[in-house]
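Hi,

Here is the structure I promised to pass on. Have a look at it first, and my notes follow below.

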Amino acid sequence: MMRVLVLGNSHAATLRRAFPAFGTAVSDVQLGFWGLPGAAFAKAATGPDGHVRPDPTDRVSRRKVTTWNDAESVNLAGFDRIFLVGLRYGLRNVLQMMRRLQPLNWGRRSGALGVSDRFLRAAVRAEVETSLTAQVARTPFDARFVAMPAPYPAVSATALGALHDPALTAVAALEHAAALLDLFEDEIAAAHAALGVPVVMQPRTTLARPWLSADDYLEEPGRDARHLNASYGLVALKALMAAPPALSAAPVAVHTTV
Amino acid sequence: MAASPYDGLDARAYWRTAVATRGPGRLRGLHDPRFAIDRDTPIFTAGSCFAQHVHRALKGAGFAVIEAEPAPDGVSEAVAAQHFYGTFSARYGNIYNPRQFLHLLQEAAGQRVPGHPVWQRDGRFFDALRPNVDPDGHASAESVRLARQDHLEAVAHGIARAGVVVFTLGLTETWEDRATGTVYPTAPGVLADAPDGADIGLLTLGHNAIVDDVRAVQAHLRATNPGVKLLLTVAPGPLVATAAGGHVLVASTACKAILRAAADTLTEADRDIDYFPSYEIITNPAAKGAFFQPNLRNPTPKGVAVVMKQFMAAYGVDSQPERSLPAPDDRPADEDDNAVICEELMNDPAARGRGGAA
């Protein structure tokens with residue numbers, strides 16, 4: 001029996017909702033979960049005893065930890081594999097940069113500052129590495145870890161209204177949206193490769209188009225364009241299970257079509 | 001016996017009292033400004049590597065330093081610095097001599113078309129006139145051309161606003177396209193390769209050439225901005241390497257002597273040109289070399305701080321510490337050089353990983 005921990009923020013909780021469906025399909029895996037809402041999880045850290053705990057000074061963390069989890073901490077030693085789910089790798093700032101900057105080998109774009117392709121890549125790389133470095137400082141990786149970024153917001157986020165995300169909408173509408181997505185994910189993969197930890201990108205079947213999840217996977221359509229449902233969670237969980245189980249010489253991003 | 005003209009002078013006129021018995025950081029009265037500079041004076045900075053310290057220190061001290069090409073919002077300071085955002089008043093990189101500066105101003109004014117503006121390396125394309133501002137180059141020659149077009153607009157816009165242009169004279173050796181006279185900040189093969197057939201060779205600028213070029217710069221500035229002043233400095237660091245065939249120490253001494261003498265010639269003839277003695281502050285014998293880092297080339301942060309303290313004192317401005325910036329990594333920056341990027345370093349093959357000097 002392989003013991004698997006899904007660790008992370010609200011996007012990890014999406015995978016938790018898929019546990020029953022996953023369990024009926026796979027019998028030799030025991031799934032566990034520990035997580036906190038985004039801001040609280042971003043303060044949770046692993047102590048010398050190997051337990052991940054919330055920030056004891058954070059009131060929200062203290063309150064949420066008992067409502068989200070069976071225990072106030074989780075001992076990582078109890079698991080064979082650990083899926084770290086939901087990091088955004090500076091996505092908000094990355095989108096702003098991609099909106100404002102245009103690699104000039106693609107020609108000019110109105111309203112965007114022309115830059116070299118490598119400048120944009122370097123700027124994105126810095127965001128990704130800053131985000132990942134902060135996470136590793138809180139919870140160091142080991143050979144059991146596999147990461148999966150937060151899913152991209154859904155198409156609904158491009159419609160005007162309460163769910164509207166201007167930067168995402170702008171970038172998703174760009175002529176080179178697909179290439180920009182590849183750039184972002186390449187940098188995520190490279191940052192993980194440097195740490196020897198595999199990363200599984202959002203399964204492509206769950207995307208409506210580059211940068212946008214399909215609305216079919218929304219947990220609360222009309223109310224929330226960012227959090228996906230158990231159907232997505234099942235696809236994501238299967239993709240994580242299919243990822244390389246341990247350190248390899250040169251981990252690469254897995255673009256699964258599960 | 002009649003009194004000597006050397007009798008009864010200010011203490012600063014005597015080596016013993018002005019230098020020998022004072023600490024290197026306690027020199028006084030080094031500079032008598034010809035024109036005022038205050039925190040509201042729009043300052044345009046350009047020049048060799050040392051000018052990066054000047055730009056940063058003035059900006060950190062709250063001066064109205066022009067930044068015509070500011071870093072894009074949201075980009076990390078380290079990445080911006082690696083790409084020469086916020087390093088000078090625009091992203092022209094290091095301008096080692098006044099001819100290079102003159103050509104830039106002329107090109108920005110639509111008066112000059114450079115020869116061989118795009119060089120290549122490993123399938124990437126580089127702006128030959130500022131090859132290090134995008135250290136990994138561009139994906140296409142057209143991308144280089146468009147970026148340069150934007151850059152020139154920024155230069156023209158920035159220079160038009162300048163009240164004072166601070167220019168640091170750095171080198172006398174440069175690399176010239178024989179056909180067009182275009183000078184480049186680096187030799188072919190240092191950061192990128194010139195196109196086949198380009199006839200680019202070493203050009204050593206002498207005293208008169210430096211003087212003529214600075215005068216041409218000043219004339220160009222005045223044509224668009226009549227009240228503009230020019231403040232010269234000489235970079236204190238010796239040459240990384242000389243391609244002229246002699247010993248680098250001798251070449252360095254000649255270079256700095258030429259630049260320093262040219263500055264004197266220029267200031268004697270034009271009241272709108274001044275010289276600030278940062279070179280003297282860093283190299284003065286009282287410092288016993290302590291203002292140079294162990295490589296005996298780069299100024300120490302303390303040396304730079306002393307320069308800027310003297311600058312503030314001369315212009316009657318309260319001194320503030322130079323704001324520190326993250327050191328650009330992944331760059332061949334000088335060891336311990338406090339965030340200065342200097343492609344001249346690449347003139348030493350050892351810095352490029354191509355073997356050390358003999």
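Which side chain does B:Arg222 meet in a salt bridge? The partner is B:Asp272, at 3.3 Å from N to O. Keep in mind that this is a predicted model. B:Arg222 sits in helix α6 (residues 207-224) of chain B, while B:Asp272 belongs to the loop between α7 (248-269) and β9 (273-275) of chain B, so the pair ties together parts that are 50 residues apart in sequence. With 29% relative accessibility, B:Arg222 counts as partly exposed.

Over all chains, the count comes to 26 salt bridges. In chain B there is also B:Asp32 with B:Arg12, whose closest N and O atoms are 2.8 Å apart. That pair links distant parts of the chain as well: B:Asp32 is in the loop between α1 (15-20) and β1 of chain B, and B:Arg12 is in the segment before α1 of chain B, 20 residues apart. B:Arg12 has 42% relative accessibility and so counts as partly exposed. You'll also find a network of salt bridges that links B:Glu107, B:Asp127, B:Arg130 and B:Arg148. Over in chain A, the side chains of A:Asp49 and A:Arg53 form a salt bridge at 2.7 Å, N to O. Both ends are partly exposed, A:Asp49 at 40% relative accessibility and A:Arg53 at 36%.

Now for where the two chains meet. Chain B and chain A bury about 1500 Å² between them, and 59% of that is on carbon and sulfur atoms. Chain B puts 20 residues into the contact and chain A 19 residues. The count of salt bridges between the chains is 2. A:Asp117 forms a salt bridge with B:Arg124, with the closest N and O atoms 2.7 Å apart. There are also 7 residue pairs in polar contact across the interface. On the side of chain B that touches chain A, the largest share, 5 residues, comes from helix α5 (residues 141-160) of chain B. That side of chain B divides into 7 nonpolar, 8 polar and 5 charged residues.

Next, the cores. The largest nonpolar core has 60 residues, and the members that touch the most others are A:Leu7, A:Trp34, A:Tyr89, A:Met98, A:Phe184 and A:Trp211. A second, separate core has 53 residues, including B:Ala108, B:Leu171, B:Leu203 and B:Val234. Take a look around A:Met98: leaving aside residues up to four places away in sequence, the residues A:Met98 touches include A:Leu120, A:Val124, A:Leu183, A:Phe184 and A:Trp211. A:Arg109 is also one of the residues that A:Met98 touches.

One last thing to look at is helix α2 (residues 50-60) of chain B. Why is this helix largely enclosed by the rest of the structure? Because 9 of its 11 residues are buried, that is, under 20% relative accessible area. The buried ones include B:Phe50, B:Val54 and B:Leu58, and also B:Gln52, B:His53, B:His55 and B:Arg56. Among the elements that cover the buried residues of α2(B) are β1 (43-47), β4 (164-169), α8 (278-283) and α9 (301-314) of chain B. Just after α2(B), B:Gly62 takes a positive phi of about 90°.

Cheers

Technical notes:
Residues numbered from 1 in each chain as written. Chains lettered and ligands numbered in written order. Predicted model: local features only at pLDDT ≥ 70, side-chain atom pairs only at ≥ 80, totals over all residues. Heavy atoms only, no water. Core = buried A, V, L, I, M, F, W, Y, C linked by side-chain atoms within 4.5 Å. Buried < 20%, exposed > 50% of the residue type's maximum accessible area, 1.4 Å probe, protein only. Contact = heavy atoms within 4.5 Å. Buried area = accessible area lost by both parts, 1.4 Å probe. Salt bridge = Lys/Arg side-chain N within 4 Å of Asp/Glu carboxyl O. Polar contact = N/O pair within 3.5 Å; in protein donor to acceptor, adjacent residues only side chain to side chain. Helix = DSSP H or I, 4+ residues; strand = E, 2+ residues; numbered from the N terminus. Nonpolar A, V, L, I, M, F, W, Y, C, P; charged D, E, K, R; others polar.
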